[in-house]
Each structure stands twice: as C-alpha cells, then as structure tokens.
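We will go from stop to stop, selecting as we go.

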Amino acid sequence: MSRQQKGRGFIRMSASHRVKTTLCNTSLDNPTQRSKDQLIRAAVKFLDTDTICYRVEEPETLVELQKNEWDPVIEWAEKRYGMEIGSSTSIMGPSIPTQTREVLTSHLSSYNMWALQGIEFVVAQLKSMLLTLGLIDLRLTVEQAVLLSRLEEEYQIQKWGNIEWAHDYELQELRARTAAGTLFVHLCSESSTVKHKLLQE
C-alpha cells in the first residue's frame with residue numbers, strides 16, 4: 001500500500017469516527033432543544049434549495065450533463081414517494097407543491113430523533129434532500145451521491161483542471177462524512193425497527 005493510499009485511508013477513518021461521535025453526542029444532548037416536528041420541518045425545507053433542482057441555462061454541455069445525471073434521480077424520487085418535484089433555471093428554484101411537502105413530512109415521521117439528526121447531517125453534506133433519500137433507500141451509492149452533488153464542480157475541473165491534492169482530500173473527506181452519516185441513519189433506523197418488533201412479541 002502506497003503512502004498516498006494510507007493517507008486516504010486515515011482520512012476516511014478519522015472523518016467517519018468524528019462524524020459518528022458528533023452525531024451520537026448531538027442526539028444525546030440535543031443542544032438546540034429541537035423537537036421531532038422541528039427536525040422534520042427543517043429537513044423538508046431543504047427541498048427549497050436542493051442542489052439537483054437548480055439548473056443552469058448554459059453552457060449546453062453542462063445543461064445536458066445536469067439533465068442526464070440529475071433527472072433520473074428526480075424521476076425516481078417522484079415515483080418512489082408519489083410526489084411532484086421538478087427542476088428550474090430560476091434563482092428562486094422550483095415551486096414545491098404543498099402536497100409534496102406533506103408526503104415528505106409523513107415519510108420522515110417514520111424515523112426516530114437520532115435518525116433524523118443523521119439525515120439532516122447528510123443533507124447538509126450533499127446540499128440535497130433528494131440525493132440523501134436516494135442514499136438511504138440504497139438507490140445510490142455514497143460515491144454516486146457525492147459525485148452528483150459536485151456535478152458542476154467536477155465539470156469545471158474536467159474543463160480547467162485542478163490542484164490534485166486539494167481536490168483528492170476534499171473528495172475523500174466528503175465521501176467519508178457522507179458514508180458515516182448514512183450508516184448512522186441506517187443503524188438508528190434498524191435499532192428502532194428491532195425494538196418495535198421485540199415490543200410486539
């Protein structure tokens with residue numbers, strides 16, 4: 001294993017450990033004293049600024065790239081949850097229907113407080129509720145979700161180049177944080193499901 005590979009492994013492990021420790025402490029202490037309803041409302045509000053709903057009008061190559069890469073995720077979410085989302089080139093973003101907010105609110109209500117903390121964290125990393133839903137539902141891998149969240153940035157890098165070490169570090173760090181947050185959501189959700197089944201028995 002090369003020194004560079006070892007370094008990347010350290011980034012992944014240290015970031016993952018930090019994230020899970022922070023999320024556990026936040027869930028235990030709830031420093032902002034938010035209720036479950038407040039966490040859900042905050043999560044739903046992310047739809048208003050979802051990265052993959054905002055589109056550029058030029059250049060044509062980036063327009064096509066966004067359409068080809070982001071549209072399938074939106075279409076999946078609309079079909080999976082039975083809600084209307086869409087996209088827009090306006091700086092105001094798409095107009096999210098009230099029914100869509102209600103559907104998402106109902107879905108998020110099935111998660112416990114700990115899982116909701118994790119969901120909020122992942123959304124903040126990806127700047128996208130839709131990509132986060134795709135991750136949690138196993139529609140996307142961490143690598144895919146991170147790449148889609150950075151689509152415009154990666155496009156610019158392909159076109160103009162980048163500072164390799166800085167890009168690699170940032171990418172690995174983002175993947176590690178996103179993976180840790182997603183794992184946290186799954187572990188919290190699984191624990192809740194098992195507890196519910198045990199209580200039924």
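Leaving aside neighbours within four places in sequence, which residues is Thr 182 in contact with? Select Thr 182 and look around: the residues are Val 122 and Leu 135. Contact here means heavy atoms within 4.5 Å.

**Before moving on**

This is a predicted model, so residues are numbered from 1 along each chain as its sequence is written, local features need pLDDT of at least 70, and side-chain atom pairs count only at pLDDT 80 or more. Totals for chains, interfaces and linings use all residues, while side-chain values use heavy atoms, with hydrogens and water left out.

**Stop 1: Thr 182**

Stay on Thr 182. Its place is in helix α9. Thr 182 counts as buried because its relative accessibility is 7%. Buried means under 20% relative accessible area, exposed means over 50%, and partly exposed lies in between (1.4 Å probe, protein chains only). Now show the backbone of Thr 178. Its oxygen lies 2.8 Å from a polar atom of the Thr 182 side chain. That is a polar contact: a pair of N or O atoms within 3.5 Å, where within protein one must be able to donate a hydrogen and the other to accept it, and residues adjacent in sequence count only if both atoms are side-chain atoms.

**Stop 2: the whole chain**

Zoom out and switch to cartoon. The protein chain has 9 helices and 0 strands. Helices (H or I, at least four residues) and strands (E, at least two) are DSSP runs, numbered from the N terminus. Of the 201 residues, 42% are buried. Among contacts with a separation of 6 or more, 70% join residues 24 or more positions apart.

**Stop 3: the core**

Which residues touch the most other members of the largest nonpolar core? Select Ile 85, Leu 108, Tyr 111, Ile 119, Met 129, Leu 130 and Leu 133; the core has 42 residues. Helices α2 (36–45), α3 (60–81), α4, α5 (113–126), α6 (129–136), α7 (142–149) and α9 (164–200) each supply at least two residues of this core. A nonpolar core is a set of buried Ala, Val, Leu, Ile, Met, Phe, Trp, Tyr and Cys residues joined through side-chain atoms within 4.5 Å. In soluble globular proteins, nonpolar side chains tend to be buried together.

Centre on Met 129. Not counting residues up to four places away in sequence, Met 129 touches Ala 43, Phe 46, Leu 47, Asp 50, Leu 104, Leu 108, Ile 119 and Val 123.

**Stop 4: the aromatic pairs**

How many aromatic pairs does a search of the whole structure find? There are 2. Trp 76 and Tyr 81 form an edge-to-face pair, 5.9 Å centre to centre with 85 degrees between the planes. Trp 76 is buried at 16% relative accessibility, and Tyr 81 is buried at 10%. The rings of Trp 114 and Phe 184 are stacked, because their centres are 6.1 Å apart and their planes are at 15 degrees. This pair links distant parts of the chain: Trp 114 is in helix α5 and Phe 184 in helix α9, 70 residues apart. Trp 114 is partly exposed at 29% relative accessibility, whereas Phe 184 is buried at 5%. Rings of Phe, Tyr and Trp (its six-membered ring) pair if their centres lie within 6.5 Å; planes under 30 degrees apart count as stacked, over 60 as edge-to-face and the rest as tilted.

**Stop 5: helix α8**

Select residues 151–160, helix α8. Its buried residues are Leu 151, Glu 154, Tyr 155 and Ile 157.

**Stop 6: the loops**

Go to the loop between α2 and α3, where Pro 59 is found. The peptide bond from Glu 58 to Pro 59 is cis, with omega near -5 degrees. Next, pick Lys 127 in the loop between α5 and α6. Lys 127 is not a glycine, yet has a positive phi of about 55 degrees. Lys 127 is exposed, at 51% relative accessibility. Finish at Leu 138, in the loop between α6 and α7. Leu 138 has a positive phi of about 65 degrees and is exposed at 65% relative accessibility.
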